[in-house]
Amino acid sequence: MPTLIHKTYLSTVAVRVIAMATLAITLATTGIHAQHVATAESDKDKLGRAMEYFQSNKYHEALLLFTDISKRHKLSPRLNAYMGVCCYYDADYESAARYLDHCMESVSIFPPSEYAVYCFCAAESHFHLESYATALKRYEQYSLICHDNERGEALYKSALCYMHTGDKPKAIECFESAIAYYMRFNKMTQSSEKIINARKMMDLCHGGDSSGTTFAE
């Protein structure tokens, strides 16, 4: 799951976006009937509430409102990314991957700390869907822009993707890098469960025994 750093950054972004969020809705026409004006104003209110829910980590509630609004208006790439994050927290990985993949190129211009969240959620979603090649691509994008204390996990998951796709040498390389980051930036030791598991995975890549190892961790 995204770290506290991720959630804190998204909450900060949400606060900033609320003030300009109504601009993210593109109305189909400017010459709309008064009844439609009332509907648009209602949707603006809904969008404001959706942003507040998102800011408060109430992702399911936010998603319900975003989805309703999207039936009548075209949402911005950022709001589509928000919907992807909401779906990820709802464990709807197929929808999360679809929303995030659709807007990933557009949101790549956003600050790295924000873009990293979208890369991570997309990577995790594809991993759960066993789309390992796409998951690997997203983990690699994430590892280039995430914090040092998050890079170990990105490398670990990349290694698992390489194992699933049959590239054992690259898996070993990523496991070794993950261990180095875990020890330096996460203060893990050789006796830490994650590092022990990574070494067992490396033994498996070398053809050794992997008893007691959970392959998908």
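Mentor: Contact here means heavy atoms within 4.5 Å of each other. This is a predicted model, where local features need pLDDT of at least 70 and side-chain atom pairs count only at pLDDT 80 or more, while totals for chains, interfaces and linings use all residues. Residues are numbered from 1 along each chain as its sequence is written, and side-chain values use heavy atoms, with hydrogens and water left out.

Trainee: What makes Phe120 count as buried?

Mentor: Buried means under 20% relative accessible area, exposed over 50%, and partly exposed in between (1.4 Å probe, protein chains only). Phe120 has a relative accessible area of 6%, so it is buried. Phe120 sits in helix H6, and its C-alpha atom is 8.3 Å from that of Ala154, 34 residues away along the chain. Across the protein chain, buried residues make up 45% of the 217 residues.

Trainee: How do you know that Glu105 is exposed?

Mentor: Its relative accessible area is 72%, so Glu105 lands in the exposed class. Glu105 belongs to helix H5.

Trainee: Now the core. Which residues have the most contacts inside the largest nonpolar core?

Mentor: Phe54, Phe66, Met104, Val107 and Tyr118, in a core of 39 residues. A nonpolar core is a set of buried Ala, Val, Leu, Ile, Met, Phe, Trp, Tyr and Cys residues joined through side-chain atoms within 4.5 Å. Helices H2 (34-55), H3 (59-70), H4 (77-89), H5 (93-107) and H6 (112-128) each bring at least two residues to this core, and the largest share, nine residues, is from H4. There's also a second, separate core of 25 residues, with Ala135, Leu155, Leu160 and Ala198 among them.

Trainee: Why is H6 called roughly antiparallel to H7?

Mentor: Axes are lines fitted to C-alpha atoms (for helices, over the stretch in contact), with angles from 0 to 180 degrees between N-to-C directions. The axes of H6 and helix H7 (residues 132-145) come within 8 Å and cross at roughly 155 degrees. That makes H6 roughly antiparallel to H7, given the classes: under 35 degrees roughly parallel, over 145 roughly antiparallel, 65 to 115 roughly perpendicular, the rest oblique. The crossing of H6 with H7 is left-handed.

Trainee: Which residues in H6 meet which in H7?

Mentor: On the H6 side they include Tyr115, Cys119, Phe120, Ala123 and Phe127, and on the H7 side Ala135, Arg138, Tyr139, Tyr142 and Ile145 are among them. By class, the contact of H6 with H7 has 13 nonpolar, three polar and two charged residues. Ala, Val, Leu, Ile, Met, Phe, Trp, Tyr, Cys and Pro count as nonpolar, Asp, Glu, Lys and Arg as charged, and the others, Gly among them, as polar.

Trainee: What makes H8 roughly parallel to H10?

Mentor: Helix H8 (residues 148-165) packs with helix H10 (residues 193-205) at about 25 degrees, their axes 12 Å apart. That angle makes H8 roughly parallel to H10. Their contact includes Tyr156, Leu160 and Met163 in H8 and Ala198, Met201 and Leu204 in H10. The class counts for H8 with H10 are seven nonpolar, one polar and two charged.

Trainee: One last thing: what is the phi of Ala91?

Mentor: Near 65 degrees, a positive value in a residue other than glycine. Most residues other than glycine have a negative phi. Ala91 lies in the loop between H4 and H5 and, at a relative accessible area of 45%, is partly exposed. Glu130 also has a positive phi, about 65 degrees, although it is not a glycine. Glu130 is in the loop between H6 and H7 and counts as exposed at 56% relative accessibility.

Definitions and conventions
Helices (H or I, at least four residues) and strands (E, at least two) are DSSP runs, numbered from the N terminus. A crossing is left-handed if the near helix is turned anticlockwise from the far one by less than a right angle, and right-handed if clockwise.
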